[in-house]
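Hello,

Below it I have written up what turned up when I went through it.

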Amino acid sequence: MQPGNRILARAPAFRGAAVINRGRSALARAGLALGVLAAAAAGTVLAGAGPAGAAAASTTALRPLAFTPSGHNFGPVTVGRTAQQKFTLKNNSSTTSSRLTVSHAGSARFSITAGTCAGIRLQPGKTCTVTVRFAPTATGAVTGTLKAAGTSRAATASLAGTGGGYLYWSNYQNGTINRANLDGTGVTTLVSGQNYPVAMAVDSSHIYWADYFGGHTVSEANLNGTGVTTLVSGANYAVGVAVDSSHVYWSYAIDPSGQNNSGTINEVPLAGGTATTLLSGQNPEQLAVDGSHIYFVNYNTGTIDEANLDGTGVTTLVSGQTDPIAVAVDSSHIYWANYNGTINSAPLTGGTATTLVTGQSDPDAVAVYGGRLYWANLGNGTIDEANLNGTGVTTLASGQAGPQGLAISPS
């Protein structure tokens, strides 16, 4: 696939229903490396509640004290920066509470910075507020619990957040590999002089990218951009790259001259060794891997597919897509970018495909990390993020020269 075709020759947007393969076992996902932290709340239920059906229909109303929201994931926050969330506590009972105490347990990276609840007696139907700040001092995910309690009543809200992390992306127009903090600040060029870099991957020690032209290479460097090394070179068009704890994987797009190994997915050990072709006869673009599977998009056929890490068991997860170009995965969902301007998701265990974000400018890369979704817009040169449900779309970096690869590292 010539790179110009990605920009100039796009079919009209198709909004047909996606088809999801439902015959897949959740047990196959035991090896997944990443997880999305779920918020949950606990509360005391009034004694003497009505019939079970009524209780099930209005569980929240039965809690004498309840926080809204019942939990909050602050998502990734750059070390040295902070994020805040206000919680509202309501007395749902018919009697005034005893004097309230407000506290938090768990990570010290959470703190209570303001509020109107501590020390008061909360009257029936009334509310007060508590503001919690997340201030990561190191990388990694942490959790905590916010609690408001009287003599016989209590309410809790779960807290979660991820500290640190970096965005990495490739700019194909100027041949650079770039890095920024997760909030888009501190944009830095790490590597220059590349020839149409179109895909990115990252592990705990290295960044990896694929060069579409000029040697058609897969390369690596240290996380700070030093020590650039060519891992793979050949005569084909490298368009996707992924990495796990033992191998680097890459895809070769089908090219007009029909050279050997085009339309393949391949691997090589991280420690060095012989490259192996895992799959052939594909029309692949970008890749993702987890502890048990390779995920890839087939551009012309409009499918999102998976295979075992050894290339066996090829399964179509999603079909009916228009120009799928990039894919990412977490513990429960697969995410992909359609070049027609949408970011989408579907459950790994089968279910309905959902369009999360529309109106993007040729999205050409997608990543997921810390309960947030990230993508690169090739058309307008931006790096964007949103909540996993597609809300809260924010531009993190702009003015990029054709971003076509995106990866995230926790450190």
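Let me start with Pro-324: setting aside neighbours within four places in sequence, Pro-324 is in contact (heavy atoms within 4.5 Å) with Glu-285, Val-297, Asn-298, Tyr-299, Gly-302, Thr-303, Ile-304, Trp-336, Ala-337 and Asn-338. Before going further, please note that this is a predicted model, in which local features need pLDDT of at least 70 and side-chain atom pairs count only at pLDDT 80 or more, while totals for chains, interfaces and linings use all residues. Residues are numbered from 1 along each chain as its sequence is written, and side-chain values use heavy atoms, with hydrogens and water left out.

Back to Pro-324, which sits in strand 25; strands (E, at least two residues) are DSSP runs, numbered from the N terminus. Pro-324 counts as buried because its relative accessibility is 0%, where buried means under 20% relative accessible area, exposed over 50% and partly exposed in between, with a 1.4 Å probe and protein chains only. One of its contacts, Asn-338, is 14 residues away along the chain, yet the two C-alpha atoms are separated by 4.2 Å.

Asn-338 has Thr-342 in strand 27 as its bridge partner.

A hairpin

Strand 19 (residues 264-269) and strand 20 (residues 276-279) also pair in the antiparallel sense, over three bridges. Ile-265 is bridged to Leu-279 in strand 20. Six residues lie between the strands of this hairpin, and in it Gly-272 takes a positive phi near 95°.

The disulfide

How many disulfides does the structure hold? There is one, a disulfide being a pair of cysteine sulfur atoms within 2.5 Å. This disulfide joins Cys-117 to Cys-128, with an S to S distance of 2.0 Å. The torsion about the S-S bond of Cys-117 and Cys-128 is about 105°, so the disulfide is right-handed. Cys-117 is in the loop between strand 6 (110-115) and strand 7 (127-134), and Cys-128 is in strand 7, so the pair ties together parts that are eleven residues apart in sequence. Both Cys-117 and Cys-128 are buried.

Gln-400 is found in the loop between strand 32 (394-397) and strand 33. With a relative accessibility of 16%, Gln-400 counts as buried. Beyond residues up to four places away in sequence, Gln-400 touches Trp-169, Asn-171, Asn-178 and Gly-381. Of these, Asn-178 is 222 residues away in sequence and 9.7 Å away in space, C-alpha to C-alpha.

Ser-409 is part of strand 33 (residues 403-409). Is Ser-409 buried or exposed? Ser-409 is buried, because its relative accessible area is 1%. Not counting residues up to four places away in sequence, Ser-409 touches Gly-165, Tyr-166, Tyr-168, Val-202 and Asp-203.

Best wishes

Methods:
Helices (H or I, at least four residues) and strands (E, at least two) are DSSP runs, numbered from the N terminus. Two strands pair if DSSP finds at least two bridges between them.
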